[in-house]
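Work through the exercises below with the sequence and the 3D view side by side. Try each task before reading its solution.

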Amino acid sequence: MTLAQPPDFLTALAVGDLSVFQADDVRRDELLADLVAAAWGTHGEFIDADQFLTKPTVLRRLASILAGRVPDDVDRLVGRDPHSLVLGAALALETGLPLVVARLVETGGGPRLACHGELHAGERVLVVEGVTGTGASAAEAVRAVRDRGAVIVGVLAAVDRGNGAAELLEGVAVTLDHLFSDDELRRTATRERRAP
């Protein structure tokens with residue numbers, strides 16, 4: 001008696017057998033564990049974006065999963081310098097969408113976020129954030145995009161700390177989508193510390 005061999009990858013693809021791919025929920029759970037391992041508690045009881053955005057394997061998988069959350073009608077991505085620029089660049093590479101950099105510039109009234117790079121009036125733009133807290137920086141990126149005449153599709157974050165970002169963005173007619181919540185990261189971190 002011989003055991004049936006699983007189909008090789010190319011054969012499986014040719015016949016539409018998607019079982020050769022890891023399920024989305026498994027990919028997400030593994031990424032969650034890796035985010036916690038890479039960035040939880042390095043500077044207190046919270047996720048430190050600088051810790052997970054500087055790990056190429058985590059960043060690559062994060063961009064891969066977030067790419068599935070980018071709406072089909074988006075023309076460009078915006079990443080805020082410096083904190084969300086790394087994730088914006090990774091997501092641009094994953095999706096093939098052009099990236100605009102939102103950077104502070106000095107104006108007569110003090111520093112103000114402005115968009116740098118090709119951005120045209122009427123284009124549909126998604127703001128990318130590594131971690132949202134109060135949402136103030138995401139709201140500033142929204143304002144900078146609107147100042148250029150582009151249309152905001154939404155804000156996409158890897159992590160939302162739950163400190164009011166969704167509510168603040170709702171106040172400027174923008175929705176926040178996030179992959180992970182701070183509560184979810186906290187539960188995972190606590191569970192992993194208790195594990196034998």
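**Exercise 1. Helix α4**

Task: Compare the reach of α4 with the span expected at 1.5 Å a residue, then find its buried residues and what covers them.

Solution. Keep in mind that this is a predicted model.
- Step 1: Count α4, which has 12 residues.
- Step 2: From its first C-alpha to its last, α4 reaches 16 Å, close to the 16 Å expected.
- Step 3: List the buried residues of α4: Val58, Leu59, Leu62, Ala63, Ile65, Leu66 and Ala67.
- Step 4: Look at their cover, which includes α2, α3, α5, β5 and β6.

**Exercise 2. The largest nonpolar core**

Task: How many residues does the largest nonpolar core have, and which of them have the most contacts inside it?

Solution. 
- Step 1: The largest nonpolar core has 35 residues.
- Step 2: Ile47, Phe52, Leu62 and Leu185 have the most contacts inside this core.
- Step 3: Several elements supply at least two residues each, among them α2, α5, β4 and α8.
- Step 4: α4 gives the largest share, seven residues.
- Step 5: Now take Phe52. Beyond its neighbours within four places in sequence, Phe52 is in contact with residues including Leu35, Ile47, Leu62, Val131 and Val159.
- Step 6: A second core is separate; its 22 residues include Leu113, Val125, Ala141 and Val174.

**Exercise 3. Helix α2**

Solution. 
- Step 1: α2 has 16 residues, so at 1.5 Å a residue the helix should span 22 Å.
- Step 2: The end C-alpha atoms of α2 are 22 Å apart, which agrees.
- Step 3: Leu31, Leu32, Leu35, Val36, Ala38 and Ala39 are buried in α2.
- Step 4: These residues lie on the same side of α2, because they cover an arc of only 170° around the axis.
- Step 5: Recall the general rule: an α-helix has 3.6 residues a turn, so residues three or four places apart point the same way.

**Exercise 4. The largest pocket**

Task: Which residues lie nearest the centre of the largest pocket, and which element gives the most to its lining?

Solution. 
- Step 1: The volume of the largest pocket is about 250 Å³.
- Step 2: Its lining has 18 residues; Arg80, His83, Val131, Thr132 and Arg161 lie nearest the centre.
- Step 3: α3, β4 and α6 each supply at least two lining residues.
- Step 4: β4 gives the most, with four residues.

**Exercise 5. Asp182**

Task: Is Asp182 buried or exposed?

Solution. 
- Step 1: Find Asp182 in helix α8.
- Step 2: Its relative accessibility is 8%. The cut-off for buried is under 20%, so Asp182 counts as buried.
- Step 3: Leaving out residues up to four places away in sequence, Asp182 touches Trp40, Ile47, Val159, Asp160 and Arg161.

Conventions. Residues numbered from 1 in each chain as written. Predicted model: local features only at pLDDT ≥ 70, side-chain atom pairs only at ≥ 80, totals over all residues. Heavy atoms only, no water. Core = buried A, V, L, I, M, F, W, Y, C linked by side-chain atoms within 4.5 Å. Buried < 20%, exposed > 50% of the residue type's maximum accessible area, 1.4 Å probe, protein only. Contact = heavy atoms within 4.5 Å. Expected span 1.5 Å × (residues − 1). Arc of directions from axis to C-beta. 1 Å grid on protein atoms, 1.4 Å probe; cavity = no way out; pocket = protein on both sides within 12 Å on 5 of 7 lines; lining within 4 Å. Points joined across faces, edges and corners; volume = space filled by probe spheres on them.
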